[in-house]
Amino acid sequence: MTSTATDTGRKGRGRRLVLWRHGQTSWNLERRFQGSTDVELTETGVGQARRSARLLASLRPDTIVASDLRRAAATAAELAALTGLVVTHDEGLRETYAGVWQGLTHEEIIARYGEEYAAWKRGEPVRRGGGELETEVADRAAPVVLRHAEKLPVDGTLVVVSHGGTIRTTIGRLIGLEARHWESLGGLSNCSWSVLGEGVRGWRLLEHNAGTLPEPVLGDDD
């Protein structure tokens, strides 16, 4: 990872963002679109959060901020218990509101709203189920992340506990991808995370859909 503009010459320095998806819910298992519906973790989801928290605690995070929906809040609580940090909850980190899609299975959405679904997958701006545009999700979530990142020490780490769609749109916004290309960022598994590092030219994606600790980049691309 390159140095920051304000820390020139100190190799490997810079702030780090860990965007962590919540653990498994029953609606994940049933492939139901959750959106902003407040669904709890399953027993398996709690176990996933505890395992991942043990790994992420070793990064010595400075700050934890999380969506206020229960599945994200409960996931964040596992890391807070190990680090002693207080979690800041922010509704700006909630999952995409998707109107009438929420509660429907993947198959039901395709059967009832096939054209809308296909347009979304093509990268077109779509209000899925009459809900939010992906750009509107980024408009509310990315500033939350940046506001907390700005308070970090030079080489500090912020853990953001949120949702798959919100994390993807936030990453897309922070690394400067056009919205129509955000779908090219694959989804995150339950309790997996992505890591952004701060470089001279801004934020860049270092790890995506990871379940192990990030390793330093050793090579000509560093």
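What share of the 222 residues of the protein count as buried? The figure is 49%, where buried means under 20% relative accessible area with a 1.4 Å probe and protein chains only. The model is a predicted one, so local features need pLDDT of at least 70 and side-chain atom pairs count only at pLDDT 80 or more, while totals for chains, interfaces and linings use all residues. Residues are numbered from 1 along each chain as its sequence is written, and side-chain values use heavy atoms, leaving out hydrogens and water.

As for the fold, there are six helices and six strands, taken as DSSP runs (helices H or I, at least four residues; strands E, at least two) numbered from the N terminus. Their order from the N terminus is β-α-α-β-α-β-α-α-β-α-β-β. Along the principal axes, the C-alpha trace spans about 55 × 35 × 30 Å.

Now to the aromatic rings. Rings of Phe, Tyr and Trp (its six-membered ring) pair if their centres lie within 6.5 Å, with planes under 30 degrees apart called stacked, over 60 edge-to-face and the rest tilted. That rule gives four aromatic pairs. In one of them, Trp101 and Trp120 have ring centres 6.1 Å apart and planes at 75°, so they sit edge-to-face. Trp101 belongs to the loop between strand S3 (87-89) and helix H4 (106-121), and Trp120 to helix H4, so this pair ties together parts 19 residues apart in sequence. Tyr117 and Trp120 also pair edge-to-face, with centres 5.6 Å apart and planes at 75°. Trp101 is buried at 1% relative accessible area, Trp120 at 8% and Tyr117 at 16%. Together with Phe33, Trp101, Tyr117 and Trp120 make up one aromatic cluster.

Technical notes: Buried means under 20% relative accessible area, exposed over 50%, partly exposed in between (1.4 Å probe, protein chains only).
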